[in-house]
Amino acid sequence: MTPIDGLALAREFGTPLHVIDREALLQNARTLKQAFERGYAPTEVYVSFKTNPVPQVLGLLYAEGIGAEVVSAFELWLAGELGIPTARTVVNGPGKRPEFIDRCAATGVRLFNVDSLGEVDRVGEAAARHGRELRLGCRVRPTRGWKNQFGLEPAQVLVAASRIRQHPLLRFEALQVQVGSNLADARSYVEAIRDLAALASQLRREAGVTLSTLDLGGGFGVPSVERMTRWEAAYSFLIPGETPHFLRTPPVQPIDAVAGIIGEALRKEFSAHSLPLPTLVVEPGRALLGEAQTLLIEVLDVKTFEGSTYAITTCGPSTGARPLLGERHPISLLGEPRARRRRYTLAGPLCTPADVFAEGVELPELKVGDVLAIAGAGAYFLSYESAWAFPRSAVVMVDAQGEARLIRRPESFEEMVARDLPGRSKP
Ligand SMILES: Cc1ncc(COP(=O)(O)O)c(C=O)c1O
């Protein structure tokens, strides 16, 4: 990790400031890619664009051999602007808009994962309009674990197979799952591989489809970011301070161990069904980006009521740090050590009670102007950033020599209203 002078950066660029450690980002990318390539071959890695939509970050990852995983027409356009070929682009997402489907069909993509039965027909019609083959996957709703609005039930995948056959330009090649988020180990992937291999076998038997690809999505955890369980969130709301260990999530297994276990499970389960070994696709977001970025915020005010001390800072969950509502990140005071410590409720600057992001955090005694660093802020922080009463923040990238370069300038007031039509209400 590059030694970064956060205080100097906060002084030069102001806060909130997102600071990307270029070397850490490259190191993460190389470690993750090598881990999967060592664990299983062939493997393809795509970065989930929605995790951190900063073009220079995504471009840097592409230069490391990491393709694009996109969920909207905007992200598909951005991938094109970054020079990422459509053959290195995987498409996901629920409720895809007609123009998004149409653009994918116009160029073709590495893999288009359908999210519903209805979408199969919409994609088939678009492929026919453009006269181009499209490689299709089906997102499968896991039979256990992470259940939500996404994907098709395993039984619907069999129906999808016969629908896909009715569209001559669609090629059914893959199953896709997303088994969770910030997962500590490989257990959920192993269960998913077992279920998907069984489904692939059923598809071959009953629908005559032999799949070439298994897309396991993202979800790989990082050690510095602890997902708060529902129990823990409830406990810490009632009793601020340290939550007991049994309520907290277990430590995260290193990515090479997770990739190795996934590779082994793939070989075992697909061989058990006498299926050809598929190409493995992974679409990590957090594991590539999370730990390469720090959010610097500044203390604007400190106030004590009825024994609780609040520190109001330049950024909160409503303006750019929303993940802090469900995740525990290391938060530290930059600068000289201080003897006295105190517990704080940390809040953003927005005039809403919902802008509190941590309760009972023990920190050195804070004063106005102090700079706090929130570590592991590279995944979903910038994605959730809003311009609610405050302009959106700047992003700098720091190179191996410690040189900082502005890669996204702070939003101006004029930019905040740039889309509004001119006009003045008459007195
Ligand atoms: C389809 C898909 N792929 C990839 C990801 C990236 O997940 P993560 O950042 O947990 O690796 C997500 C996130 O929810 C997703 O829904």
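**Exercise 1. The domain interface**

In this predicted model, 32 residues of domain 1 are in contact with 25 residues of domain 2. Determine which residue ranges form the two domains, how far apart their centres lie, and what area is buried between them.

*Solution.*
Step 1. Domain 1 covers residues 22-290, and domain 2 covers residues 291-416.
Step 2. Taken over C-alpha atoms, the centres of domain 1 and domain 2 are separated by 31 Å.
Step 3. The size of an interface is often expressed as the accessible area lost when the parts come together. Between domain 1 and domain 2 this buried area is about 2500 Å², with carbon and sulfur atoms giving 52% of it.
Step 4. On the domain 1 side, Arg22, Gln56 and Gly290 supply 20% of the area buried against domain 2, more than any other three residues.

**Exercise 2. Polar links and composition**

State how many salt bridges cross the interface of domain 1 and domain 2, and describe which elements and residue classes make up the side of domain 1 that touches domain 2.

*Solution.*
Step 1. Two salt bridges are found across the interface of domain 1 and domain 2.
Step 2. Arg286 forms a salt bridge with Glu327; their closest N and O atoms are 3.0 Å apart, which meets the 4 Å cut-off.
Step 3. Between the two domains, 15 residue pairs are in polar contact, both residues being at pLDDT 80 or more.
Step 4. At least two residues of the touching side of domain 1 come from each of helix 2 (22-39), helix 3 (55-63), strand 9 (226-227), helix 9 (230-238) and helix 11 (286-289). Helix 2 provides the largest share, five residues.
Step 5. Sorted by class, this side of domain 1 has 13 nonpolar, ten polar and nine charged residues.

**Exercise 3. Helix 4 and its surroundings**

Identify the buried residues of helix 4 and the elements against which they pack.

*Solution.*
Step 1. Helix 4 spans residues 73-81, and its buried residues are Ala73, Glu75, Leu76, Leu78 and Ala79.
Step 2. These buried residues pack against helix 3, strand 3 (67-70), strand 4 (89-91) and helix 5 (98-107).
Step 3. After helix 4 comes Gly83, which has a positive phi near 80 degrees.

**Exercise 4. Val71**

Why does Val71 count as partly exposed, and which residues does Val71 touch?

*Solution.*
Step 1. Val71 lies in the loop between strand 3 and helix 4.
Step 2. Val71 counts as partly exposed because its relative accessibility is 26%, a value between the limits of 20% and 50%.
Step 3. Leaving aside residues up to four places away in sequence, Val71 touches Lys50, Asn92, Gly93 and Phe100.
Step 4. Val71 and Gly369 are 298 residues apart in sequence, and their C-alpha atoms are 40 Å apart in space.

Notes:
Residues are numbered from 1 along each chain as its sequence is written. This is a predicted model: local features need pLDDT of at least 70, side-chain atom pairs count only at pLDDT 80 or more; totals for chains, interfaces and linings use all residues. Side-chain values use heavy atoms; hydrogens and water are left out. Domain bounds come from an automatic or database domain assignment. Contact means heavy atoms within 4.5 Å. Buried area is the accessible area (1.4 Å probe) that two parts lose on being put together, summed over both. A salt bridge is a side-chain nitrogen of Lys or Arg within 4 Å of a carboxyl oxygen of Asp or Glu. A polar contact is a pair of N or O atoms within 3.5 Å; within protein, one must be able to donate a hydrogen and the other to accept it, and residues adjacent in sequence count only if both atoms are side-chain atoms. Helices (H or I, at least four residues) and strands (E, at least two) are DSSP runs, numbered from the N terminus. Ala, Val, Leu, Ile, Met, Phe, Trp, Tyr, Cys and Pro count as nonpolar, Asp, Glu, Lys and Arg as charged, and the others, Gly among them, as polar. Buried means under 20% relative accessible area, exposed over 50%, partly exposed in between (1.4 Å probe, protein chains only).
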